[in-house]
Structure formats: C-alpha cells, structure tokens
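These are my notebook entries on one protein structure. I record what I looked up and the criteria I applied.

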Amino acid sequence: MSTITRLGKPIKTLDGLKEPSCAWFPDSKKFILSSMDREISIHNLQGIELETIGGAGDRVFHIALSKDGSRLVCTTTEYSILIFDMRRTTHFVEIKHDKRITSFSLSNDPHGRFALLNVAGKPPTSSAQRVNVEGEIHLWDLDRERLVRKYVGHKQSRFIVRSAFGGVGPAPCTYVVSGSEDCQIYIWRRADGALCEIISGHSGVVTDVSWNPKIHMFCNRQ
C-alpha cells in the first residue's frame with residue numbers, strides 16, 4: 001500500500017502494492033512506484049497510473065531517479081542493478097552483483113552517474129558475532145557499468161544500513177558516509193577509499209545518514 005499526502009492529510013491510497021519503493025520526478029508532478037510483485041509504474045498527483053515499465057523480471061527492492069529524471073535505477077532481490085533510460089523506458093541495462101544489496105543512493109550530478117551500494121556481510125552464526133561482521137559499500141560508475149571502489153570497516157549483516165555522498169561547494173561528493181551496526185558512523189574519502197573518521201556516541205544501530213548539501217553537517221537515524 002502507498003499513500004499520497006498533502007500537509008499530513010491523506011489524498012489517495014494505492015492498494016495492492018507489496019512493499020513499495022517510490023521516487024518523485026524532478027517536476028514534482030509525477031512519481032514512480034515499484035513493488036515486490038515485479039511491477040514498476042508511473043502515477044500523477046491524483047494517483048492515476050500513467051504508464052507501466054516492463055522488463056524488471058525480478059522483484060524490485062529499491063528505486064531512485066536521477067536529478068534530471070533521465071535515469072531510473074533499481075535494485076532487486078536477485079542481487080541485480082537495473083538501469084532504465086527514462087527517455088526510452090523499454091530500454092534498460094542489468095548489472096549482476098554477487099552479494100545482497102540492502103540499499104543504494106545516487107550521486108548529485110544531474111544524470112546520477114555514480115551509485116553507492118550498501119552490501120551486507122554474511123549473517124553470523126551466533127549472536128556474539130553479530131556486531132563484528134563487516135559490510136561493504138561499493139561505488140559503481142553506471143555510465144561505464146563498472147565497479148570503481150569499495151569502502152570497508154563498518155559493520156552490517158542483519159539490518160538495512162544506508163550510506164550517502166558527502167561534501168559541499170564545488171565538490172559535493174568528496175566523502176562517503178555510512179551508518180553501522182556497531183552504533184557508529186564511518187566517513188571515507190571517496191577518491192581513494194581511506195577511512196577518515198569513526199564517530200561514536202550512539203546507543204543503537206545507525207541505519208541512515210544524510211549530508212547537508214550547503215554546510216559541513218549531516219544528520220542520522222538510529
């Protein structure tokens with residue numbers, strides 16, 4: 001189920017969607033929905049379905065649109081990255097991945113050339129090992145369809161943990177920042193993967209981070 005709201009009041013509820021993910025188009029007049037039943041659809045502000053995008057095949061777990069709306073990126077339950085050209089929605093590229101992708105984010109450039117993928121480590125066999133399982137963050141160049149770099153050190157095996165690009169001014173993607181299951185925040189240099197900082201102080205798993213695009217500040221969620 002997905003609900004459209006304005007000022008906190010529901011406008012329209014779309015039933016029948018299984019664990020949907022959604023994203024807005026740049027003009028804010030349309031949004032796109034995915035569902036675990038393999039369907040991707042475009043809707044207007046009244047919730048009316050305008051178009052269905054075929055070809056996904058696998059169950060779609062998460063979606064994101066580039067800033068200019070020209071590229072749709074999806075991850076699936078079958079460890080794949082799907083890249084749709086929104087100017088030709090029947091055309092897409094599939095990149096097979098070898099590990100479970102729990103979340104991803106696109107770079108801030110208009111076309112969303114780069115993607116950060118959080119990849120979970122192998123689930124531990126005992127509860128004592130849970131906070132010691134390292135995850136990975138993979139930086140992909142979607143234009144060239146290749147893995148550029150890996151960022152390691154943080155912990156992830158059981159929860160959905162998200163990462164983000166960080167930095168301000170002329171270089172808004174200078175850093176990579178991520179939450180972690182060991183209750184800390186990790187910051188790497190994007191260019192070479194060097195771990196710059198580990199920030200402590202949280203009492204629970206840090207699942208999400210967001211870097212302020214105007215000043216050197218970020219918020220997080222646990």
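How many salt bridges does a search of the whole structure find? I found seven, taking a salt bridge as a side-chain nitrogen of Lys or Arg within 4 Å of a carboxyl oxygen of Asp or Glu.

**Entry: basis.** I note that this is a predicted model, in which local features need pLDDT of at least 70 and side-chain atom pairs count only at pLDDT 80 or more, while totals for chains, interfaces and linings use all residues. Residues are numbered from 1 along each chain as its sequence is written, and side-chain values use heavy atoms, with hydrogens and water left out.

**Entry: whole chain.** I counted zero helices and 20 strands in the protein chain; helices (H or I, at least four residues) and strands (E, at least two) are DSSP runs, numbered from the N terminus. Of its 222 residues, 47% are buried, where buried means under 20% relative accessible area, exposed over 50% and partly exposed in between (1.4 Å probe, protein chains only). The accessible surface comes to about 11,500 Å², and 50% of that belongs to carbon and sulfur atoms; areas come from the Shrake-Rupley method with a 1.4 Å probe, and for residues only the protein chains shown count as cover. Contact means heavy atoms within 4.5 Å. Among contacts between residues at least 6 apart in sequence, 40% join residues at least 24 apart.

- Asp-85 pairs with Arg-87, with the closest N and O atoms 3.0 Å apart. Asp-85 is buried at 14% relative accessible area, whereas Arg-87 is exposed at 63%.
- Arg-113 pairs with Asp-143 at 3.8 Å between the closest N and O atoms. Arg-113 lies in the loop between strands E11 (101-106) and E12 (114-119), and Asp-143 in the loop between E13 (134-141) and E14 (146-155), so this pair ties together parts 30 residues apart in sequence. Arg-113, at 26%, is partly exposed, as is Asp-143, at 39%.
- Arg-189 pairs with Asp-192, the closest N and O atoms being 2.7 Å apart. Arg-189 is partly exposed at 38%, and Asp-192 is partly exposed at 43%.

I also recorded a network of salt bridges that links Arg-71, Arg-113, Asp-141 and Asp-143.

**Entry: nonpolar cores.** I took a nonpolar core as a set of buried Ala, Val, Leu, Ile, Met, Phe, Trp, Tyr and Cys residues joined through side-chain atoms within 4.5 Å. The largest has 14 residues, of which Ile-32, Ile-40, Ile-53, Leu-72, Cys-74, Phe-84 and Met-86 touch the most other members. Strands E5 (40-44), E7 (60-65), E8 (71-76) and E9 (80-85) each give two or more residues to this core; E7 gives the most, with three. Another core, of 12 residues, lies apart from it and includes Ala-64, Ile-81, Ile-83 and Leu-142.

**Entry: Leu-50.** Which strand holds Leu-50? I found it in strand E6 (residues 49-53). Leu-50 is partly exposed, at 48% relative accessibility. Not counting residues up to four places away in sequence, Leu-50 touches Lys-30, Ile-42, His-43 and Asn-44. Leu-50 and Phe-31 are 19 residues apart in sequence and 10.0 Å apart in space, C-alpha to C-alpha.
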